[in-house]
Amino acid sequence: MKKVQKVEYMFEFLRVFLGIVIAFLACIVIIVLISEESAGDAVYNFVVGPFMSPRRFGQVLARYAPYLLTGCGMCFIYACGRFSLISEGIINIAPIFALIVMFKTPLMTNLPQFVNLIIIIVVCAIAGGAFAMVPAFGREKLGANEMVTSTIMNYMCLYLALWLLKSTVADRGQSFLTSPIFPDNMRFTRYWGDTNFTSAIWVAVIGVVVACILFYRTPLGAKIRMCGSNLSFATYSGINAKKMMYLAQLIGGLFAGVAAAVDCFGTYNSYYYQILTNVGMDGLLCAVMARKQPLFVPLTAFVLAYIRTAAAVLNANTNIPIELVTMLQAVIVLFVAAEEFLGKTKRRVIFNISREEEAVKVKEAKSNA
């Protein structure tokens, strides 16, 4: 079984990797075909543009950190057989509660930065977990579709966040709705001067490690995966499936809350969200591309952060629209989600391994006899 599992993981990785490569090459071909100016410059801006300056690469890493966290969180929700999209709304609403603690209480005023960041992360994570439980409760207790409920809740979270901001900590000296500037000891440290690359990346890395341990090395992760792959078998095996559904969505909400803290208090100087950020939806895309495997999320999250930044660079320097990235995402998902992409080759390899193992067992049995 270990050999078979290794083959399955290898082919899952190849499916993700080759899907990304094929989509990337297809995107380059389209850039060449639709570019009205120098096709070489357009391809150069798309491929190399995000690495041409610390500011641009800092933007890639700024997107990468929350994608890592929301992607890992969505892997738990997706793996248990649920499809809650509440991560999108959590990105908007979770930082509000941290802002209230920051500006409406003296708790964080004189504390060191490290302690304040822990408080911010914990508050955002708790808020994320609490909001994630609403569609989970609706599905498990009332039979309401969690995808519909969470989609509606995303807009509720957006407008609730704006109302709470306006009625509590809004900076009245600004011409638009925002919070006061974050004090230096209440936000992540910027690297490379004034780029968007911050110390939040270490929180994201720790989050990925925790997610992988939970998902692959604990009984909780095994039960969640079993419920998602075969709910009837899991139930007859004595697993409390409903409890696992709650826990998986709670974990997804906690990770989304941490992603909200990383994005808001790392990328920005104050609370700037006026619309849905799409960070939660991008986390879902990372999980889909990673085949609901947290181990692959670092790769898919980086690719998504890279192509989004590359599309922005391309749009700023050529006549090619930024919507090109939507096409690239669609092609990636097409190849990664297609069950038969490399499926025949994988089954052939597994079959050959099984025959070899069976031949070894027969030979051992004859020798023992």
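Predicted model: local features only at pLDDT ≥ 70, side-chain atom pairs only at ≥ 80, totals over all residues.
Visitor: Which residues does F265 touch, not counting residues up to four places away in sequence?
Guide: F265 is among the residues with the most contacts inside the largest nonpolar core. Not counting residues up to four places away in sequence, F265 touches P95, A98, L99, M102, I120, C124, F182, M186, R187, F188 and A260.

Visitor: Is N116 buried or exposed?
Guide: N116 has its place in helix 5, which covers residues 113–142. The cut-off for a buried residue is under 20% relative accessible area. The relative accessible area of N116 is 0%, so N116 is buried.

Visitor: Which backbone oxygens does the side chain of N116 reach?
Guide: Leaving aside neighbours within four places in sequence, N116 is in contact with M108, L111, N185 and M186. One backbone oxygen, at 3.3 Å from the side chain of N116, is that of L111. Another, at 2.9 Å, is the backbone oxygen of N185.

Visitor: Which residues make the nonpolar surface patch of about 460 Å²?
Guide: V115, in helix 5, belongs to this patch. Patch residues need over 30% relative accessible area, and V115 counts as partly exposed at 31%. The patch is made by F114, V115, I118, V122 and I126.

Visitor: How many residues of helix 11 are buried?
Guide: Helix 11 covers residues 279–289. Its buried residues are V279, G280, D282, G283, L284, L285, C286, A287, V288 and M289. Helix 11 is largely enclosed by the rest of the structure, because the buried count, out of 11 residues, is 10.

Visitor: What is the phi of N278, and where is N278?
Guide: N278 is not a glycine, although its phi is positive, at about 75 degrees. N278 counts as partly exposed, at 35% relative accessibility. Its place is in the loop between helix 10 and helix 11.

Visitor: How many salt bridges does the count come to?
Guide: E140 forms one with R82, and E146 forms one with R139. D282 forms one with R308. The count comes to three.

Visitor: How many residues apart in sequence are the parts that E140 and R82 tie together?
Guide: The closest N and O atoms of E140 and R82 are 2.9 Å apart. E140 lies in helix 5 and R82 in the loop between helix 3 (54–79) and helix 4 (87–104), so the pair ties together parts whose separation in sequence, in residues, is 58.

Visitor: Are E146 and R139 buried or partly exposed?
Guide: The closest N and O atoms of this salt bridge are 2.5 Å apart. E146 has a relative accessible area of 4%, so E146 is buried. R139, at 27% relative accessibility, counts as partly exposed.

Visitor: Which helices does the salt bridge of D282 and R308 link?
Guide: The closest N and O atoms of D282 and R308 are 2.7 Å apart. The pair links distant parts of the chain, 26 residues apart: D282 is in helix 11, and R308 is in helix 12.

Visitor: How far apart in space are V208 and F255, C-alpha to C-alpha?
Guide: V208 lies in helix 7, residues 200–217, and counts as buried at 11% relative accessibility. Leaving aside neighbours within four places in sequence, V208 is in contact with L68, C72 and P298. V208 and F255 are 47 residues apart in sequence, and their C-alpha to C-alpha distance is 9.7 Å.

Note on methods:
Residues numbered from 1 in each chain as written. Heavy atoms only, no water. Helix = DSSP H or I, 4+ residues; strand = E, 2+ residues; numbered from the N terminus. Buried < 20%, exposed > 50% of the residue type's maximum accessible area, 1.4 Å probe, protein only. Polar contact = N/O pair within 3.5 Å; in protein donor to acceptor, adjacent residues only side chain to side chain. Contact = heavy atoms within 4.5 Å. Patch = residues over 30% accessible without salt bridge, like charges linked within 9 Å, V, L, I, M, F, W, Y side chains within 5 Å. Areas by Shrake-Rupley, 256 points an atom, 1.4 Å probe, with all protein chains shown as cover. Salt bridge = Lys/Arg side-chain N within 4 Å of Asp/Glu carboxyl O. Core = buried A, V, L, I, M, F, W, Y, C linked by side-chain atoms within 4.5 Å.
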